[in-house]
Amino acid sequence: MKKILVTGANSYVGTSFIKWLSQYPDKYSFDSISLRDDRWKESSFKGYDVVLHTVGIAHVDSNPDPKMEQQYYKVNRDLTIETAQKAKDEGVKQFIFLSSIIVYGDSSQINKPRIIDVKTVPKPANFYGNSKLLAEEGIKQLASDKFKVAIIRPPMIYGKESKGNYPKLAKVARKLPIFPNIENQRSMIYIDNLCEFIRLLVDSKDSGLFFPQNAEYVKTSELVKMIAEAHGNKIRLTKFFNPIIYAMGRRIGMVNKVFGSLVYDQGLSNYKDNYTIRNFNDSIRETEL
């Protein structure tokens, strides 16, 4: 029986992972803990095999509010390192940190590919990405034979009740009759696939960097069309607006984020065990219905 502590009592990934593990009552026991105030420091981590750290500030805009910069570093970097240090001091065997593809910066310009592979060096575009990268570097220093550190850099995470850009696209898909037809590619990961990956990581006791993603790349226009169809909305894709979208993408970060490309090389995401529970089509149906 593996004993797992999930930080972030109300986080999307944390609550989804606990729900996922509930399928295996004979293999895992789990607790969650909030880190919103300092009371967590008085709780003991002793006896846990794994700490899954999901706490962090994310954002959905291309340019996070500069006033929030120190808060990003306080939560994403400092709190992560402090939590990992406590886990190590109290005998936890594995620390799993949920980082992000954001450490590589923004999407490509529209109509240009951007593929992250094993040679790609992280280059955050803002303090959100930098705070995540510095957290990674901080906890790597704590790794040892007795304290395994696993860092996951997922792409966009989606699923029922997910937050961020996916529900915004879903809202658009349910209302609009037409949508720009622009060629791009995005890496994404369905929440069940991510939870299964984390479960396998717990079982294997692996350490290192990991880049799980769906087996398929996603074209934003096709994603919107699939969501629309799941709700009975027949949406038409058109290239009529493409010149306008290209121009807007050069000036408006959010437009470029939606229609630009950002993918992991599929070889980077291979793992010794299969973690793809749902293919892309099924995952959209599961999310929307």
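Visitor: Why is Ser99 called buried?
Guide: The relative accessible area of Ser99 is 4%. Buried means under 20%, so Ser99 counts as buried. This is a predicted model, and the value is computed from it.

Visitor: Where is Ser99 found, and which residues does Ser99 touch?
Guide: Ser99 is in the loop between β4 and β5 (115–116). Not counting residues up to four places away in sequence, Ser99 touches Lys132, Glu136, Ile151, Ile152, Arg153 and Pro154. Pro154 is 55 residues from Ser99 along the chain, yet the two C-alpha atoms are separated by 7.0 Å.

Visitor: What makes strand β4 mostly covered?
Guide: Five of the five residues in β4 (residues 94–98) are buried. Gln94, Ile96 and Leu98 point one way from the strand, while Phe95 and Phe97 point the other way. In a regular strand, side chains alternate between the two faces of the sheet. Both sets in β4 are buried.

Visitor: How do you know that β4 pairs with β3 and with β6?
Guide: Two strands pair if there are at least two bridges between them. Strand β3 (residues 50–53) and β4 have four bridges, in the parallel sense, and β4 and β6 (residues 148–152) have five, also parallel. Both pairs therefore meet the rule of at least two bridges. In β6, Ile152 is the bridge partner of Leu98.

Visitor: Why is Thr7 called buried?
Guide: Thr7 has a relative accessible area of 0%, and the cut-off is under 20%, so Thr7 counts as buried. Thr7 belongs to strand β1 (residues 2–7). Leaving aside neighbours within four places in sequence, Thr7 is in contact with Ile33, Leu35, Val51, Leu52, His53, Thr54, Val55 and Thr83.

Visitor: What makes the pair Arg39 and Asp37 a salt bridge?
Guide: The closest N and O atoms of Arg39 and Asp37 are 2.8 Å apart. The rule asks for a side-chain nitrogen of Lys or Arg within 4 Å of a carboxyl oxygen of Asp or Glu, so this pair qualifies. By this rule the count comes to 15 salt bridges.

Visitor: Why is Arg39 called exposed, and why is Asp37 called partly exposed?
Guide: Exposed means over 50% relative accessible area, buried under 20%, and partly exposed in between. Arg39 has 61%, so Arg39 is exposed. Asp37 has 32%, so Asp37 is partly exposed.

Visitor: Which residues meet Lys41 in salt bridges?
Guide: Asp38 meets Lys41 with 3.6 Å from N to O, and Glu82 meets Lys41 with 3.2 Å. Both distances are within 4 Å, so both pairs count. Glu82 lies in helix α2 (residues 69–89) and Lys41 in the loop between β2 (28–33) and β3, so their pair ties together parts that are 41 residues apart in sequence. Glu82, at 35% relative accessibility, is partly exposed. Lys41 is partly exposed at 38%, whereas Asp38 is exposed at 52%.

Visitor: Which residues are joined into one network by shared partners?
Guide: Salt bridges that share partners join Lys27, Glu196, Arg199 and Asp203.

Visitor: How many residues has the largest nonpolar core, and which have the most contacts inside it?
Guide: The core has 52 residues, and those with the most contacts inside it are Phe17, Ile96, Leu194 and Leu223. Helix α5 (residues 191–204) gives the most to this core, with eight residues. A second, separate core has 27 residues, among them Trp40, Phe97, Ile102 and Leu142. In soluble globular proteins, nonpolar side chains tend to be buried together.

Visitor: Which residues of helix α6 are buried, and what do they pack against?
Guide: In α6 (residues 220–230), Thr220, Ser221, Leu223, Val224, Met226, Ile227 and Ala228 are buried. The buried residues of α6 pack against α4 (165–175), β8 (178–180), β9 (188–190), β11 (236–238), α8 (253–259) and α9 (280–288). Just after α6, Gly232 takes a positive phi of about 75 degrees.

Visitor: Why is Ile244 called partly exposed?
Guide: Ile244 has 48% relative accessibility. Ile244 is in helix α7 (residues 242–251). With Met248 and Ile252, Ile244 forms a nonpolar patch on the surface, with about 240 Å² of accessible area together.

Note on methods:
Residues are numbered from 1 along each chain as its sequence is written. This is a predicted model: local features need pLDDT of at least 70, side-chain atom pairs count only at pLDDT 80 or more; totals for chains, interfaces and linings use all residues. Side-chain values use heavy atoms; hydrogens and water are left out. Patches are made of residues with over 30% relative accessible area and no salt bridge: like charges are joined within 9 Å, nonpolar side chains (Val, Leu, Ile, Met, Phe, Trp, Tyr) within 5 Å. Accessible areas come from the Shrake-Rupley method with a 1.4 Å probe; for residues, only the protein chains shown count as cover. Buried means under 20% relative accessible area, exposed over 50%, partly exposed in between (1.4 Å probe, protein chains only). Contact means heavy atoms within 4.5 Å. A nonpolar core is a set of buried Ala, Val, Leu, Ile, Met, Phe, Trp, Tyr and Cys residues joined through side-chain atoms within 4.5 Å.
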